[in-house]
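Here are my notes for your next look at this model. Please keep the structure open beside you as you read.

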Amino acid sequence: MLNGLWLGFFVVAALSALGRWLLGGDAAVFAALVESLFAMAKLSVEVMVLLFGTLTLWLGFLRIAEQAGLVEWLARMLGPLFSRLMPEVPPGHPALGLITLNFAANGLGLDNAATPIGLKAMRALQELNPSQTVASNAQILFLVLNASSLTLLPVNIFMYRAQQGALDPTLVFLPILLATSASSLVGLLSVAFMQRLKLWDPVVLAYLLPGALLLGGFMGVLATLSATALAALSSLLGNLCLFGLIMTFLLLGAFRRVPVYESFVEGAKEGFDVAKSLLPYLVAMLCAVGVLRASGALDIGLDGIRWLVGALGLDGRFVDALPTALVKPFSGSAARAMLIETMQSQGVDSFPALVAATVQGSTETTFYVLAVYFGAVGIQRARHTVGCALLADLAGVIAAILVCYWFFG
């Protein structure tokens with residue numbers, strides 16, 4: 001799938017460039033293509049330097065939290081909920097702890113760090129699966145919630161915005177929180193409908209209702225604020241939560257007599273190993289997106305969508321963020337490249353760049369996740385996984401656009 005997508009970018013760029021040369025007489029387009037290749041290769045390395053630091057930093061802190069028993073405590077706390085949502089998983093099974101840790105890594109926006117943990121969780125769930133080739137209900141729920149991208153603290157998005165020179169990298173904190181809540185809720189409801197899960201069970205409601213009421217009340221408070229106040233609050237809460245979480249990990253580790261420095265270094269080494277494997281993918285996708293933009297093909301496609309949106313009488317400022325939304329289900333690296341390219345071409349704090357960042361933080365690489373996770377355990381029949389996951393993605397994109405108009409419109 002990624003082979004076709006990547007090759008397609010270059011083929012479409014070549015055809016568009018030929019058209020501009022033969023029909024429009026623009027011979028300089030080929031120089032622009034070559035220049036974009038070198039420019040994007042350089043940008044890839046610049047982004048990678050900061051990505052090294054970010055992954056290394058957060059996997060170090062996560063290792064402290066793990067050794068302090070926070071993950072085990074979360075698994076016990078969520079045990080009654082999982083026993084209702086995943087009745088085939090025995091209480092206290094190792095899969096629950098791994099699922100919790102995977103959700104924690106996703107919640108922190110550490111997509112690449114979450115993948116190795118998620119694969120371990122999938123293997124643990126496969127041990128309970130009576131079929132070797134058909135996805136179990138527990139595996140489907142895990143993957144759909146994973147693909148719904150519940151992101152509470154999107155540090156990678158903050159990093160990309162900081163790298164591109166944003167005055168306040170955490171400005172999109174609240175928009176992502178609201179949009180990702182919408183995608184996760186739709187993902188959960190769609191799976192519950194397909195699997196006939198009893199979400200009205202008193203235990204399930206005891207977990208979900210307080211969160212829903214808290215989110216609803218929070219949105220009610222936000223509705224009373226101006227756009228300027230919303231942006232300021234998003235910045236404050238983003239930075240406060242980010243540093244507060246770090247201090248929680250450190251103080252809890254010290255209280256549990258965890259050697260915090262040694263644990264941090266141990267986890268940081270894992271972050272370094274994860275990060276160093278990403279550069280080839282980042283170069284490949286950023287260069288492909290670069291030639292697509294330089295050829296004019298991307299602008300032609302977006303102009304067509306913009307015309308359609310205008311014909312419907314709608315505001316079309318979000319259209320420039322759509323490339324990120326359209327490729328995100330297929331490839332995280334392609335969506336990341338689209339996001340960075342939008343920040344560069346439109347301005348890091350422009351409305352399209354803010355929408356693209358919110359979309360990136362509230363959706364997931366659905367087909368990639370399904371291919372990797374199911375492929376790792378030999379699952380061939382995904383059943384209703386794809387439909388539920390794509391529905392969650394669609395909800396995330398729509399919510400991201402609407403929330404950004406609310407906050408920044």
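1. A word on terms before we start: helices (H or I, at least four residues) and strands (E, at least two) are DSSP runs, numbered from the N terminus. The model is predicted, so to speak of local features a pLDDT of at least 70 is needed, side-chain atom pairs count only at pLDDT 80 or more, and totals for chains, interfaces and linings use all residues. Residues are numbered from 1 along each chain as its sequence is written, and side-chain values use heavy atoms, with hydrogens and water left out.

2. Leaving aside neighbours within four places in sequence, Ala357 is in contact (heavy atoms within 4.5 Å) with Ile157, Arg161, Val172, Ile176, Leu339 and Met343.

3. Arg161, one of those contacts, also meets Asp349 in a salt bridge of 2.8 Å, N to O (the rule being a side-chain nitrogen of Lys or Arg within 4 Å of a carboxyl oxygen of Asp or Glu). Asp349 lies in the loop between helix 15 and helix 16 and Arg161 in helix 7 (residues 155–163), so this pair ties together parts that are 188 residues apart in sequence. Arg161 counts as buried at 0% relative accessibility, while Asp349 is partly exposed at 33%.

4. Do look at Thr342 in helix 15 (residues 332–346), which is buried with a relative accessible area of 1%. Among its contacts beyond four places in sequence are Asp320, Pro352 and Ala356. Asp320 in turn forms a salt bridge with Arg306, the closest N and O atoms being 2.7 Å apart.

5. By this rule the count comes to seven salt bridges. Another of them joins Arg63 and Glu66, at 3.7 Å between the closest N and O atoms. Both residues lie in helix 2 (residues 29–67), three residues apart, about one turn of the helix.

6. How far apart are the end C-alpha atoms of helix 8 (residues 173–195)? They are 33 Å apart, which agrees with the 33 Å that its 23 residues should span at 1.5 Å a residue (1.5 Å times one less than the number of residues). Of those 23 residues, 17 are buried.

Terms used. Buried < 20%, exposed > 50% of the residue type's maximum accessible area, 1.4 Å probe, protein only.
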